[in-house]
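Student: Please pick one part of this model and take me through it closely. I would like the geometry, the contacts and every cut-off behind the words you use.

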Amino acid sequence: MNVYDSGRMADVLAPLGYVQADAPDDADMVILNTCHIREKAAEKVYSELGRLRRLKIAKEEGGGRMILAVAGCVAQAEGEEILSRAPYVDMVFGPQTYHRLGEMVARAGRAGDVVLDTDFPVEPKFDFLPAPVSSANSARPEGHAESAAFLTVQEGCDKFCTFCVVPYTRGAEYSRPAAAVLAEAGQLAAIGVREITLLGQNVNNYKGAAADGSSGGDWGLGRLIAEVAAIDGIERIRYLTSYPADMDEELIAAHRDVIALMPFLHLPVQSGSDVVLKAMNRRHNADDYRRLVDRLRAVRPDIGLSSDFIVGFPGETDADFAETMKLVEEVGFIQAYSFKYSPRPGTPAAVMENHVAEDVKGERLATLQGLLNAQQLAFNRSCVGQVMAVLLDRPGRLPGQLVGRSPYMQAVHMDGEGGAMGAIQELLIIDAHANSLTGNPVRANTGAPVRENKRASA
Ligand code: SAH
């Protein structure tokens with residue numbers, strides 16, 4: 001989401017004459033786009049600001065000026081505090097204000113004016129943002145193909161998981177009208193994007209105004225995916241991140257019916273213990289999650305699953321943690337993110353009793369990650385000898401080498417010549433590592449089984 005937001009900020013700033021710099025050293029403006037989800041992410045902001053302050057001073061000594069800005073959810077949550085802890089910051093603005101960036105820059109440009117904007121707009125910011133120009137992903141360094149892009153379709157969250165700051169920093173759930181999403185997807189296709197990841201804090205609860213003017217009510221994510229897939233040039237679709245209780249029939253069916261929808265789903269379960277899930281205010285228990293996985297696999301047997309986990313939530317016992325390990329063993333994930341519970345100011349869990357000791361959290365995390373890493377490696381190894389369709393979008397380490405993404409989001413290093421940047425290339429996988437694969441372009445028919453996003457009949 002932050003990568004997408006950074007891209008849109010670049011789009012707003014482009015007409016003002018700003019272009020992206022490769023390094024902050026001599027920049028006229030530096031914007032830190034921040035994350036507040038865990039304490040560690042938020043802490044990084046202040047250490048990074050300290051470093052940037054030195055660059056700002058150096059620039060001033062040379063007679064120049066650097067506008068230093070903090071954007072994103074730390075800005076939203078800590079607004080005033082940032083300005084008092086780091087008084088050399090010129091602008092602090094939350095995630096719902098990017099359409100006002102032009103005004104803010106003008107104000108900050110007047111010497112001495114400090115800008116603080118953390119208002120949630122009455123009208124969603126999307127209505128005021130320009131079309132994505134060339135910065136499909138502004139975080140993409142030079143030389144990388146703009147063949148994969150993010151597209152925010154939904155923002156905010158009304159779920160109020162007791163551990164989570166998102167409802168407070170991003171605000172209430174909002175879905176963009178389907179017509180706006182399809183228009184932006186079309187613009188991305190026109191600049192050469194072939195893979196789109198539809199984003200939202202609760203993306204699968206998307207309910208956007210229908211694009212066909214029909215009175216059939218809002219579109220859900222399943223319908224939206226089918227329509228994005230119909231756009232010329234869009235060959236791959238993903239969505240991120242999903243709330244298990246919001247997986248509806250139509251979306252599950254899309255995993256069967258929409259060829260462009262990749263067979264990979266990030267579906268955060270958080271815990272395998274029903275007691276912990278209830279205390280987290282998740283609206284699913286462990287068996288609901290197992291049943292959901294069964295339904296997905298019934299329509300798309302080759303689907304690969306990913307999840308988020310929190311260990312050491314307040315009150316989590318050894319027995320609760322054992323339930324999480326059991327769920328992971330049963331479901332089998334091809335990739336996952338796992339975290340120690342981090343108390344966030346203003347959330348209900350932060351003031352719960354029975355917080356788990358740091359060393360216990362650390363041990364549980366190591367145990368869980370041991371299992372998750374083993375599952376990931378086993379999946380990667382199962383790909384050796386298969387042909388995978390890889391979207392090549394980055395240069396590799398050696399000259400001439402390219403790196404891309406498999407349908408399962410694995411990084412695949414192409415060893416050898418033959419692929420073109422931005423192409424979807426069939427690679428025969430010859431080696432597997434913990435975090436990546438190695439493959440060679442398929443020249444002749446190798447007779448190897450093809451694991452890619454085509455049904456046998458297609
Ligand atoms: N909408 C997603 C959450 C996205 S936040 C969902 O409903 O699951 C990304 C991940 O950060 C979460 O899935 C969670 O695992 C982790 N996370 C969020 N708050 C956290 C906290 N207070 N401590 C530790 N991890 C947290």
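Tutor: Start with the names: helices (H or I, at least four residues) and strands (E, at least two) are DSSP runs, numbered from the N terminus. The model is predicted, so local features need pLDDT of at least 70 and side-chain atom pairs count only at pLDDT 80 or more, while totals for chains, interfaces and linings use all residues. Residues are numbered from 1 along each chain as its sequence is written, and side-chain values use heavy atoms, with hydrogens and water left out.

Take the open sheet and follow the chain of packed helices that leads away from it. Three strands build this sheet in the order E5-E8-E9, with parallel pairing. Two strands pair if DSSP finds at least two bridges between them. In general, strands of a sheet pair through backbone hydrogen bonds, either parallel or antiparallel. The edges are E5 (148-152) and E9, each pairing on one side only. From one strand to the next the twist averages 25 degrees. For angles, axes are lines fitted to C-alpha atoms, for helices over the stretch in contact, and values run from 0 to 180 degrees between N-to-C directions.

E5 meets E8 (residues 195-199) in the parallel sense over five bridges. Within it, Leu151 has Leu198 of E8 as its bridge partner. Helix H7 (residues 221-229) packs on this sheet and touches E8 and E9. Contact here means heavy atoms within 4.5 Å. The direction of H7 makes about 150 degrees with that of E9.

Next, leave the sheet at E9. Leu240 and Thr241 are joined by a cis peptide bond, with omega about 0 degrees. Thr241 sits in the loop between E9 (236-240) and H8. In general, most residues other than glycine have a negative phi, and most peptide bonds are trans. Phe160 belongs to the loop between E6 (154-155) and H5 (166-169).

Past the Thr241 loop comes H8. H8 (residues 249-257) packs against H10 at about 40 degrees, with the axes 8 Å apart. H8 brings Glu249, Ile252, His255 and Arg256, and H10 answers with Leu292, Arg295, Leu296 and Val299. By class, that contact holds four nonpolar, one polar and three charged residues. The classes are simple: Ala, Val, Leu, Ile, Met, Phe, Trp, Tyr, Cys and Pro are nonpolar, Asp, Glu, Lys and Arg are charged, and the others, Gly among them, are polar.

H10 has another partner. The axes of H10 (residues 286-299) and H11 (residues 318-331) come within 11 Å and cross at roughly 10 degrees. H10 and H11 therefore count as roughly parallel. The scale: under 35 degrees is roughly parallel, over 145 roughly antiparallel, 65 to 115 roughly perpendicular, and the rest oblique. On the H10 side stand Ala286, Tyr289, Arg290, Val293 and Arg297; on the H11 side, Lys326, Leu327, Glu330 and Val331. The contact of H10 with H11 divides into five nonpolar, no polar and four charged residues.
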